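Please consult the sequence and the 3D structure while reading.

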Amino acid sequence: MKLDFYYFSYQCPLNDNMIQLLDDYREKIDIHLYDISNNGSMAAKMNIFFPTLIVLDEERRYYSPLTKAFLEQVARGIYPEELPFLLEISKVTVTETIEPLKIENVEVACGCCGNKTESNCIRKREFLRKLKQDVYGFIHKDMNGNLIGGVEYLPAECIPYNVSHDKDTAFITCVYMSDSNYDYKSAPLKALEQHLKKEYKKIIVISDEVGVFPNGNLNFFIDNGYQDEGIIFTDPKYCRLHLLSKLL
């Protein structure tokens, strides 16, 4: 079976984990890696709007982080099943400690999806350092210093996806973490918006309609004042992605 792995460098630190895992299966699976960082035409052709996309036999698309269990099925010629990550998002907003995400504390953000390693933190830090920004987003921590939420952005002109690349537009790359009891994402999102007002006129983001991964769900952004610009891509088996925007 052929597996194509498309990735936006190490914008997501889990890309490092997944690439290392793929190396263990090269003798069992026909694996091809494509870094789309500087390949907007490929991103547009493949309708890629998030830092990772897995495609099996040039047909079946998968969005969740790769696992050994997934690759074991692929090695046996089985197409794994993938269900959307659906979670009721609480509207009870909580604000504890909000901090800017910088090179110096990037390891905190590397734990947003679990599987934080020394290697993927280094890769994430190297990726961000090349962009030469002072702030890359905002993280939300509880009283014990544990990560409970966050949001990251990049200038839209640096994004390989098929979206507006205006210099006065910022693109939200990732919003985390979702919870059914409390809303930990709105506070860092508002902090980011206040920060971006200094340099940008507009923020754009892509969100799934009902799932919370990739970014979502749609109502979370609408409740935070974002305008739904319409559907940008539909995968009948997993997601219906919307482009949203907000003027600063």
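How much space lies in the largest pocket? In this predicted model, the largest pocket holds about 560 Å³ of space. Its lining comprises 29 residues, of which Cys113, Cys174, Val175, Tyr176 and Phe213 are the closest to the centre. The second largest pocket has a volume of about 190 Å³, and the largest cavity contains about 40 Å³.

**Largest pocket**

- Two of the elements that each supply at least two residues of the lining are α1 (14–23) and β8 (169–176).
- Strand β8 provides the largest share of the lining, with 4 residues.

**Second largest pocket**

- The pocket of about 190 Å³ is lined by 13 residues, and those closest to its centre are Ile89, Ser90, Lys91, Phe220 and Asp223.
- Helix α7, which spans residues 218–223, gives the most to this lining, namely 3 residues.
- By class, the lining of the second largest pocket consists of 3 nonpolar, 6 polar and 4 charged residues.

**Cavity**

- The structure holds 1 cavity of 30 Å³ or more, and the space in the largest cavity is about 40 Å³.
- Residues Asn47, Ile48, Phe49, Phe50, Thr52 and Leu53, together with Arg61, Tyr63 and Leu241, line the largest cavity.
- Of the residues in the cavity lining, 6 are nonpolar, 2 are polar and 1 is charged.

**Nonpolar cores**

- The largest nonpolar core contains 54 residues, and the members that touch the most others are Leu3, Phe5, Phe70, Leu71 and Tyr161.
- The largest share of this core, 5 residues, is contributed by α1, a helix that also supplies at least two residues of the lining of the largest pocket.
- Leaving aside residues up to four places away in sequence, Tyr161 touches Phe8, Ile36, Ala43, Ile48, Phe49, Phe50, Pro51 and Phe171.
- Among these contacts of Tyr161 are Ile48, Phe49 and Phe50, which also belong to the lining of the largest cavity.
- Another core, of 20 residues, lies apart from the largest one and includes Val135, Phe138, Ile172 and Leu196.

Technical notes:
Residues are numbered from 1 along each chain as its sequence is written. This is a predicted model: local features need pLDDT of at least 70, side-chain atom pairs count only at pLDDT 80 or more; totals for chains, interfaces and linings use all residues. Side-chain values use heavy atoms; hydrogens and water are left out. On a 1 Å grid over the protein atoms alone, a cavity is a set of points where a 1.4 Å probe fits but cannot get out, and a pocket is an open set with protein on both sides within 12 Å along at least five of seven lines; lining residues have an atom within 4 Å of a point. Grid points are joined across faces, edges and corners, and a volume is the space filled by probe spheres set on the points. Ala, Val, Leu, Ile, Met, Phe, Trp, Tyr, Cys and Pro count as nonpolar, Asp, Glu, Lys and Arg as charged, and the others, Gly among them, as polar. A nonpolar core is a set of buried Ala, Val, Leu, Ile, Met, Phe, Trp, Tyr and Cys residues joined through side-chain atoms within 4.5 Å. Buried means under 20% relative accessible area, exposed over 50%, partly exposed in between (1.4 Å probe, protein chains only). Contact means heavy atoms within 4.5 Å.
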